[in-house]
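Give the cut-offs behind each term as it comes up.

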Amino acid sequence: MNETQKQEVKPQEGKILELKPENIFTFPDGLPGFEKVKKFVILVNKEDAPFGRLAAVDHDLCFFVVDPWVLYPDYKPDIDEEDLKKVGISARENTLILAIVNIPVGKPESSTMNLTAPLLINSQQGLGKQVIINNYKDFNSRHPVWQKEEETDNEKSNTGNEIQS
């Protein structure tokens, strides 16, 4: 695309946004299940914080995303060096890692985020890839976004091995 061409994206609210080429991220392999969808933009709205949206430029497709450390500070993904090379990442400061969020219809309290296969984005080169982390067994592909506040200390320590009378 040359600089005189304009691209637009229509997020689900129906607003059409004009995009600058430098704000478009290319996923050369697409995303699993959406391999033909290559160009995305990240939409951020302070009313949706801490969530953003990964919206396809040329298709009617949009994912909720979140910086996993905002909701799960202990997240320590082990990302394969080959995956880093595929998106041209050599320095961590150019790296954006996002988790895709699943929000069930009518049950936002049951929302989950995929910590085993985050989105790896080179913000300087505009390249992205969804990767499966090396330590995927340490995390959950359906990690609860909202921790249950009503869980008491007694419930946390109850392992189910006690005999009840």
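Leu31 sits in the loop that connects strand E3 (24–26) with strand E4 (39–44); helices (H or I, at least four residues) and strands (E, at least two) are DSSP runs numbered from the N terminus. The model is a predicted one, in which local features need pLDDT of at least 70 and side-chain atom pairs count only at pLDDT 80 or more, whereas totals for chains, interfaces and linings use all residues. Residues are numbered from 1 along each chain as its sequence is written, and side-chain values use heavy atoms, with hydrogens and water left out.

With a relative accessible area of 2%, Leu31 is buried, where buried means under 20% relative accessible area, exposed over 50%, and partly exposed in between (1.4 Å probe, protein chains only). When its neighbours within four places in sequence are left aside, Leu31 is in contact with Val37, Phe40, Leu54, Phe63, Leu119 and Gln130, a contact being a case of heavy atoms within 4.5 Å.

The peptide bond from Ala49 to Pro50 is cis, with omega near 10 degrees. As background to that, most peptide bonds are trans.

Strand E7, residues 95–102, is mostly covered, since six of its eight residues are buried. Two strands are taken to pair if DSSP finds at least two bridges between them, and several pairings involve E7. Strand E6 (residues 62–66) runs antiparallel to E7 and is joined to it by three bridges, and Val65 has Ile100 in E7 as its bridge partner. Strand E9 (residues 119–122) is likewise antiparallel to E7, with four bridges between them, and here Leu96 has Ile121 in E9 as its bridge partner. E7 also pairs in the antiparallel sense with strand E8 (residues 112–113), over two bridges, where the bridge partner of Val101 is Met113 in E8.

From E9 the pairing continues to E10, in the antiparallel sense and over four bridges, with Leu127 in E10 as the bridge partner of Asn122. E9 and E10 form a hairpin with four residues between them, and Gly126 in the turn has a positive phi of about 70 degrees. Strand E10 (residues 127–130) contains Lys129. Which residues surround this lysine, and is Lys129 buried or exposed? At 15% relative accessibility Lys129 counts as buried, and, apart from its neighbours within four places in sequence, Lys129 is in contact with Phe27, Asp29, Asp83, Lys86, Val87, Pro118, Leu119 and Leu120.

Leaving aside neighbours within four places in sequence, the residues in contact with Thr112 are Ile100, Val101, Asn102, Arg142, His143, Pro144 and Val145.

Thr112 leads on to the largest pocket, whose lining consists of Phe63, Phe64, Ile100, Val101, Asn102, Ile103, Thr112, Met113, Asn114, Gln130, Ser141 and Arg142. On a 1 Å grid over the protein atoms alone, a pocket is an open set of points with protein on both sides within 12 Å along at least five of seven lines, whereas a cavity is a set where a 1.4 Å probe fits but cannot get out; lining residues have an atom within 4 Å of a point. The largest pocket has a volume of about 260 Å³, with grid points joined across faces, edges and corners and the volume taken as the space filled by probe spheres set on the points. E6, E7 and E8 each supply at least two residues of this lining, and the largest share, three residues, comes from E7. By type, the lining residues divide into six nonpolar, five polar and one charged, where Ala, Val, Leu, Ile, Met, Phe, Trp, Tyr, Cys and Pro count as nonpolar, Asp, Glu, Lys and Arg as charged, and the others, Gly among them, as polar.

Taken as a whole, the chain has three helices and 11 strands, and 37% of its 165 residues count as buried. Among contacts between residues at least 6 apart in sequence, 51% join residues at least 24 apart.
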